Amino acid sequence: MVALKLFASALLASAAVAQNTTLRYMPFGDSITEIICWRSMLWEKFQSTEFATVNWVGSGKTENNCGNTRYDRDNEGHSGFLAINIANNRQLVGWLQTNPADVITMHLGTNDIVQQNKPVNQIIAAFTTLVNVMRTSNPRMKIVVAQIIPMGFGSYNTAIQNLNKAIPAWAQGLNTTESPIWVVDQYTGFNGGSDLRDGVHPNQAGDTKMTNIWYPALLHAFQVAKADKAAIAAAAEKVEVPFTA
């Protein structure tokens with residue numbers, strides 16, 4: 001009877017481990033993550049890879065009439081939100097409690113600059129708070145942070161470039177083996193005129209460019225997260241069941 005119970009426990013543990021190996025990815029940001037189509041395009045690119053079944057997570061399902069009814073719309077994009085406010089109000093805490101993730105992408109800072117002209121150091125400090133929240137939720141979170149796209153109006157791009165210049169050193173300072181931060185450049189090569197539909201949000205050409213920048217970094221993040229979870233699962237499955245004749 002004891003041996004039977006141990007065997008049953010081992011089976012339950014194995015099932016739990018198998019379930020836990022499913023990768024969960026959260027697209028996190030503002031309207032440039034929410035009301036766009038790069039998520040649809042990115043999901044499609046992954047359908048021909050081993051990561052076709054990654055579970056995209058988040059509290060929202062909004063998009064921009066992308067004409068794709070099959071992709072996983074879940075995301076944590078919030079139109080009009082500032083990085084500073086998300087950090088100060090601890091909103092990401094609840095979002096990750098509801099929808100935990102293994103991998104997260106972040107494109108934030110546009111509204112901090114355009115709406116309130118926040119200085120770079122305050123935005124970077126908010127990014128640090130957000131990374132800490134991510135790692136509290138999952139100490140092995142894999143994080144991809146974007147140098148954000150340009151605007152098509154006003155004189156905001158100088159401030160955006162200043163923020164973008166600060167991001168690599170900031171990311172390097174917070175990078176860890178368990179929870180790496182990779183930086184992708186969404187600014188260079190993105191045209192603030194022809195790649196935007198309204199001066200702020202990408203049109204089809206802009207969505208395509210953003211997809212092509214996200215894809216290799218996210219593919220790598222998925223690969224690292226998969227290997228990480230597999231190693232943890234292998235260790236957990238080494239449950240020694242005593243032999244009973």
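Author: Contact means heavy atoms within 4.5 Å. Not counting residues up to four places away in sequence, K142 touches D102, V103, I104, E178, P180, W182, A221, V224, A225 and D228. This is a predicted model, in which local features need pLDDT of at least 70, side-chain atom pairs count only at pLDDT 80 or more, and totals for chains, interfaces and linings use all residues. Residues are numbered from 1 along each chain as its sequence is written, and side-chain values use heavy atoms, with hydrogens and water left out.

Reader: Is K142 buried or exposed?

Author: Buried means under 20% relative accessible area, exposed over 50%, and partly exposed in between (1.4 Å probe, protein chains only). K142 has a relative accessible area of 2% and is therefore buried.

Reader: Which backbone oxygen lies 2.7 Å from a polar atom of the K142 side chain?

Author: That oxygen belongs to E178.

Reader: Where is K142 placed, and what covers the faces of that strand?

Author: Strands (E, at least two residues) and helices (H or I, at least four) are DSSP runs, numbered from the N terminus. K142 belongs to strand β5. In a regular strand the side chains alternate between the two faces of the sheet. In β5, K142, V144 and A146 on one side and I143, V145 and Q147 on the other are all buried. Because six of the six residues of β5 (residues 142-147) are buried, the strand is largely enclosed by the rest of the structure.

Reader: Which strands pair with β5?

Author: Two strands pair if DSSP finds at least two bridges between them. Strand β4 (residues 103-107) runs parallel to β5, joined by four bridges, and strand β6 (residues 181-185) pairs with β5 in the parallel sense over five bridges. V145 is the bridge partner of M106 and stands opposite V183 in β6.

Note on methods:
Polar contact = N/O pair within 3.5 Å; in protein donor to acceptor, adjacent residues only side chain to side chain.
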